[in-house]
Amino acid sequence: MEEKEEIAEQAVEQEISKPESSADKTCEKCDGVDRAASEGGDADCAVDECASTDVEQEEAEKVPSPEERIEALEKENADLKDQLLRRAADFDNYRKRMIKEKQEAFDYANAGLLQDLLESIDNLERTLAAAENATDAASIADGVKMIVSSLVSMLENKYNLTAYGAAGDAFNPDEHEALRSEQDDVESPVLKEVYLKGYKLKDRIIRNAKVSVSMPKD
């Protein structure tokens, strides 16, 4: 009798210490799965399958929803509109500033020249004032000559304004305006008389010389 009881106890201990089968291992997250293999067939899910499900769920959570994407696009669109408006305003201010500077440059382009002419005007006024009580016309003429010489020198040296045209120069229709002509003993047309000198600003003619021309007889 005692031997039978010992055999029964060993059988119970072996049953208790028996490891779980793979079929009994189920994920703790799966509810309603009976761990007893005897009650019902296969488990609803295995551990590996639940792990892959968790990864897929995490990836799904990282993908923005349509509402989130719309909100992000609207924010980006608003930022781009703000940048566009700012740049348009900056360009408009730049354009207005350039127009103003250009107009000022045009309005005051001759300020330097006029300032240089003031000295000659002052000298002429002094000469006129002196001429009222002068008894010697030659001194007045000498004063005017000095003013003209000073004025011409200033224009030539500072502004590259040069005069041209003198009797005996070859006639050039691009530089001289012939007011009259007459035949003479010359081989080619030459200036006989200069009524008004011509002037060049650097290499550009700003006034043609007005002259009379001697033409060959033949």
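1. Welcome to the structure. A salt bridge (a side-chain nitrogen of Lys or Arg within 4 Å of a carboxyl oxygen of Asp or Glu) joins the side chains of Glu182 and Arg180, at 3.3 Å from N to O. Glu182 is partly exposed at 27% relative accessible area, and Arg180 is partly exposed at 48%. Here buried means under 20% relative accessible area, exposed over 50%, and partly exposed in between, with a 1.4 Å probe and protein chains only.

2. A word on the source: this is a predicted model, in which local features need pLDDT of at least 70 and side-chain atom pairs count only at pLDDT 80 or more, while totals for chains, interfaces and linings use all residues. Residues are numbered from 1 along each chain as its sequence is written, and side-chain values use heavy atoms, leaving out hydrogens and water.

3. Arg180 is also among the contacts of Ser212, along with Val190, Leu191, Lys192, Glu193 and Tyr195, leaving aside neighbours within four places in sequence; contact means heavy atoms within 4.5 Å. Ser212 sits in strand β6, residues 209-216. Strands (E, at least two residues) and helices (H or I, at least four) are DSSP runs, numbered from the N terminus. Ser212 counts as buried because its relative accessibility is 4%.

4. Another salt bridge connects Asp116 with Lys158, at 3.0 Å from N to O. This pair links distant parts of the chain, with Asp116 in helix α4 (residues 111-131) and Lys158 in helix α5 (residues 137-159), 42 residues apart. Asp116 is buried at 18%, whereas Lys158 is exposed at 52%.

5. In total, the structure holds ten salt bridges.
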